[in-house]
Amino acid sequence: MANLTIQANIIAKSGKTQQVKTALLKLIELTRAEAGCVNYDLHQDNENPAHFMFYENWTSRELWQQHMSSAHIETYIAETQDCVEQFTLSEMSQIA
């Protein structure tokens, strides 16, 4: 089975960009060390600095789900409560 690709878009509320960015950056080292994580890359929009995007690949949906219930994700959610304007997540599979 192909890797599970995740594209997560996070848009910070006005005045909360740095707080959200700091919390997102804390996730990288911990997540990259998780079982099943192939890559976990954070991007920031050049035109809209409040827009962040994670591009992730996981060896299985089950291991990604474990990541989503990890302590560091829970900490991120607590640290950014009321700081995120919009969050969208797409689960994707490479087809070519």
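## Overall fold

The protein chain holds 3 helices and 4 strands. This is a predicted model. Along the sequence, the elements of the protein chain run β-α-β-β-α-α-β. The radius of gyration of the protein chain is 13 Å. The globule rule gives 12 Å for 96 residues, so the chain is as compact as a globular protein of that length.

Along the principal axes, the C-alpha atoms of the protein chain fill a box of roughly 40 × 30 × 20 Å.

## Helix packing: α1 and α3

Two packed helices are described by the angle between their axes and the distance between the axes. For α1 and α3, the angle is about 175° and the axes lie 10 Å apart. Angles over 145 degrees count as roughly antiparallel, so α1 is roughly antiparallel to α3.

From α1, the contact takes in Q19, V20, A23, L24, K26, L27, L30 and T31. From α3, the partners are H72, I73, Y76 and E79. By class, the residues of this contact divide into 7 nonpolar, 3 polar and 2 charged.

## The largest pocket

Rolling a probe the size of a water molecule over the atoms shows where empty space is left. The largest pocket contains about 270 Å³ of space. Its lining consists of 17 residues. Those nearest the pocket centre are M68, I73, Y76, I77 and F87. I73 and Y76 also belong to the α3 side of the contact with α1.

Which elements give two or more residues to the lining of the largest pocket? They are the strands β1 (4-12), β3 (51-58) and β4 (84-93), together with the helices α1 (17-32), α2 (61-68) and α3 (71-79). By class, the lining has 13 nonpolar, 3 polar and 1 charged residues.

Key:
Residues numbered from 1 in each chain as written. Predicted model: local features only at pLDDT ≥ 70, side-chain atom pairs only at ≥ 80, totals over all residues. Heavy atoms only, no water. 1 Å grid on protein atoms, 1.4 Å probe; cavity = no way out; pocket = protein on both sides within 12 Å on 5 of 7 lines; lining within 4 Å. Points joined across faces, edges and corners; volume = space filled by probe spheres on them. Nonpolar A, V, L, I, M, F, W, Y, C, P; charged D, E, K, R; others polar. Axes fitted to C-alpha atoms, helices over the stretch in contact; angles between N-to-C directions. Parallel < 35°, antiparallel > 145°, perpendicular 65-115°, else oblique. Contact = heavy atoms within 4.5 Å. Rg over C-alpha atoms; globule rule 2.2 N^0.38 Å.
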